Amino acid sequence: MAITQPNKITVTSQPTAHRLLFDAAEWRFYGWVILGLLIVIWAPIVFAFVTAPPDRQFMGVIDGIPDHNQYFAWMRSFTTANLAANRLTPEPNEPAFFNLLWWVTARLSVTTGVSYIIAYTILRLVAIFSLLGSLLIFLQLMVDQPRQRQIAFWLICTSSGLGVIWIVIKYLAGLPEAPFPISIYTIEPNTLMIMQAFPHFTMALALIITIVSLMWLGWRKQQSRYAIGAGIVGAVLALQHAYDLLIVYSVLGLFGLLIWWRDRRFPRLLFRHGVTLVLFSAPGALYLAYLVANEPIWGRKLEQFDNAGVFTPNPALLVILLGVPLLLALAGLHRHMFHSDDDRDILIAAWFVVHFVLMYLPLKFQIHMLLGVQVPMVLLATRYLDEQLIPALRRRGRYVFALGLAAVFGLSIITSVYIQGWRFVYLARYEQPHYLTNDELAALQWLQQHTTADDVVLADIELGQFVPVWSDARAYIAHWAGTLNFFSRRDNARVVLDPTTPSDQRQRILAEDDVSYVVMRDRDGSRTALSQDNHLVVVYENATVSVYRVRR
């Protein structure tokens, strides 16, 4: 799969410059890369579905299962209404939340009659092609040289940092877990990982790139229609992943300030375009801000975001997380880019720098500000690689050139290779919650048929997180942020399911949140012992799972 390099294209840096489309050889390169990406993305998913043992089913999600069950719970609510309540917590609350991405996916499920997993699979495909398409358009706008476009496309889609170092240390030192997992598995800057496992991040990144591309076209062509298009896309982003507008506003704001500084005159057109973008996109973000400020359930949910214990790694670990592309980008970033005659240099430099401010803001979701950093980072890295490192390696001889390139590209994707291999390992264990047993699914189906939105169901979080996906009931414990008072309720659930707990203590816990049903599996403890509690009545059971109704 050779990287094509046709004759050099001479393009001026002026806004009115004519840009050539990809030629056939370049399209072939992208086609082979995309085909390879699709195989890598879908191989573990197909493997999990096809090889699942007869007594259990793969639940369709290979990463971030608690978060996905939250989204699937929203989807269930959106199949019958335009607003969703938080059913991942036992507190009664009125429907108040809207998310465009999961609303559309829910409507797709209703319209076509497919299951939520099939609708989710379709969403994943749409998100992948949206991201790849928006990225190809952006690279066409930003990069003149075909070889640089192809290198950038490849690295944006596959690079993953040097986190595999910690895996090696784990085995060499005989550690039970790899140190600093945040510098291995953080998903936001890993395009391959988000395409494979997180379609909401995939779609959000596609929208970010699209907005930047449209705003650039509006500035280059001096036409406001592109800003209106960017505003419409921004409105979609606001109703799906609102805090990503911080990235968009900051990138374009710094770009405008740098243009003003370079030209020594205020860029009125760029300012008007920015106002247009804000007028279209801000209302959706303000709606979510109002919801958080005025709806206690949703406000407290956001306050619990740090329950995951995930924050932006310190700068030393950030180098491990982003790896070789970050080092090359830093080498390729020069002061003159911030006042370059080519506005594209200014835009890429501004985008790159903005992330390093946003990702360390004192926000509970600061780590999400890494989403998109791979785009400007790789563009800077590619330019340095193509214009300086490759010529330097060539001067040192053929073998040094080959080894140098193999090291750069190999180290850029080595963690992705590890993660993809590891997916098959843990999926081949057929463990929960990636898989549920047929008995667990049967119990969930019973809850689906016999519970309402007024019911609260308590189960171990491993199974409880699926309750609001399969039924209209609220879960006692389901999600690290969505369940209020998460840690105390997690402990309470364990106390309730412990057969040695005195009946009066169990009843006090169940009465505090008006729990209607308790679900217990053999793996949670002795179902026979729990059945002796006079406050619990068995209403459904199979070989390994029992559902108890709580007596009032």
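I began at the interface of domain 1 and domain 2, where the rule finds zero salt bridges, a salt bridge being a side-chain nitrogen of Lys or Arg within 4 Å of a carboxyl oxygen of Asp or Glu. I noted that this is a predicted model, in which local features need pLDDT of at least 70 and side-chain atom pairs count only at pLDDT 80 or more, while totals for chains, interfaces and linings use all residues. Residues are numbered from 1 along each chain as its sequence is written, and side-chain values use heavy atoms, with hydrogens and water left out.

**Domains.** I took the bounds, 115-426 for domain 1 and 435-550 for domain 2, from an automatic or database domain assignment. The centres of the two, taken over C-alpha atoms, are separated by 41 Å. I found eight residues of domain 1 in contact with 10 residues of domain 2, contact meaning heavy atoms within 4.5 Å. Between them the domains bury about 860 Å², 63% of it on carbon and sulfur atoms; buried area here is the accessible area (1.4 Å probe) that two parts lose on being put together, summed over both. On the domain 1 side, Tyr 116, Gln 304 and Asn 307 lose the most area to domain 2, together 52% of what that side buries.

**Salt bridges.** I then looked up the count by this rule, which comes to 21. In one of them the side chains of Asp 472 and Arg 76 meet at 3.0 Å, N to O. Asp 472 lies in the loop between H21 and E4 and Arg 76 in helix H2 (residues 65-78), so this pair ties together parts that are 396 residues apart in sequence; helices (H or I, at least four residues) and strands (E, at least two) are DSSP runs, numbered from the N terminus.

Asp 472 is partly exposed, at 35% relative accessibility, whereas Ser 471 is buried, with a relative accessible area of 0%; the classes are buried under 20%, exposed over 50% and partly exposed in between (1.4 Å probe, protein chains only). Leaving aside residues up to four places away in sequence, I found Ser 471 touching Arg 76, Arg 87, Leu 447, Gln 448 and Thr 451.

I also checked Arg 489 and Asp 513, whose closest N and O atoms are 2.8 Å apart in a salt bridge. Arg 489 lies in helix H22 (residues 486-497) and Asp 513 in the loop between helix H23 (503-512) and strand E5 (517-521), so the pair ties together parts that are 24 residues apart in sequence. Arg 489 counts as buried at 6% relative accessibility, and Asp 513 counts as buried at 15%.
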